[in-house]
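The following note is intended for a colleague meeting this structure for the first time. Please read the points in order.

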Amino acid sequence: MNTEVLSDVLLLGATALLMMLYVPQIWKTYTSKEVEAFSMKTMAMRAIANVLVICYGGLQNLPVIIVSASVVVCAEMVMISMKIMYSK
């Protein structure tokens, strides 16, 4: 297995683990509607950081990085949306 394929597999594995971290939080937030503990600043900074990673992937022509960061941005946007919708 060459290093490029190994790198892609590792990145996709890391992305899968990141998504597994978000799923329980998204589910709990969706069912409980409790978002007071979430920091909008932190979530926004994470989303912006991942958008920058997407830009980097585009500039370097690295589609695996673009896809991975896009998935994380989507999860973060779901959390931000729930924070806005469920805030009292």
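What is the mean pLDDT of the protein?

1. The mean pLDDT (the predictor's confidence in each residue, from 0 to 100) is 91, and 99% of the residues reach 70 or more. This is a predicted model, in which local features need pLDDT of at least 70 and side-chain atom pairs count only at pLDDT 80 or more, while totals for chains, interfaces and linings use all residues. Residues are numbered from 1 along each chain as its sequence is written, and side-chain values use heavy atoms, with hydrogens and water left out.

2. Helices here are DSSP runs of H or I with at least four residues, numbered from the N terminus. Among the elements, α2 has the highest mean pLDDT (94) and α1 the lowest (89).

3. Helix α3 covers residues 63-86; its end C-alpha atoms lie 34 Å apart, in agreement with the 34 Å that its 24 residues should span at 1.5 Å a residue. The expected span is 1.5 Å times one less than the number of residues.

4. T29 lies in helix α1 and is buried, with a relative accessible area of 1%. The T29 side chain reaches the backbone oxygen of Q25 at 2.8 Å. Not counting residues up to four places away in sequence, T29 touches E34, V35, F38, M79, M82 and Y86.

Terms used
Helices (H or I, at least four residues) and strands (E, at least two) are DSSP runs, numbered from the N terminus. Buried means under 20% relative accessible area, exposed over 50%, partly exposed in between (1.4 Å probe, protein chains only). A polar contact is a pair of N or O atoms within 3.5 Å; within protein, one must be able to donate a hydrogen and the other to accept it, and residues adjacent in sequence count only if both atoms are side-chain atoms. Contact means heavy atoms within 4.5 Å.
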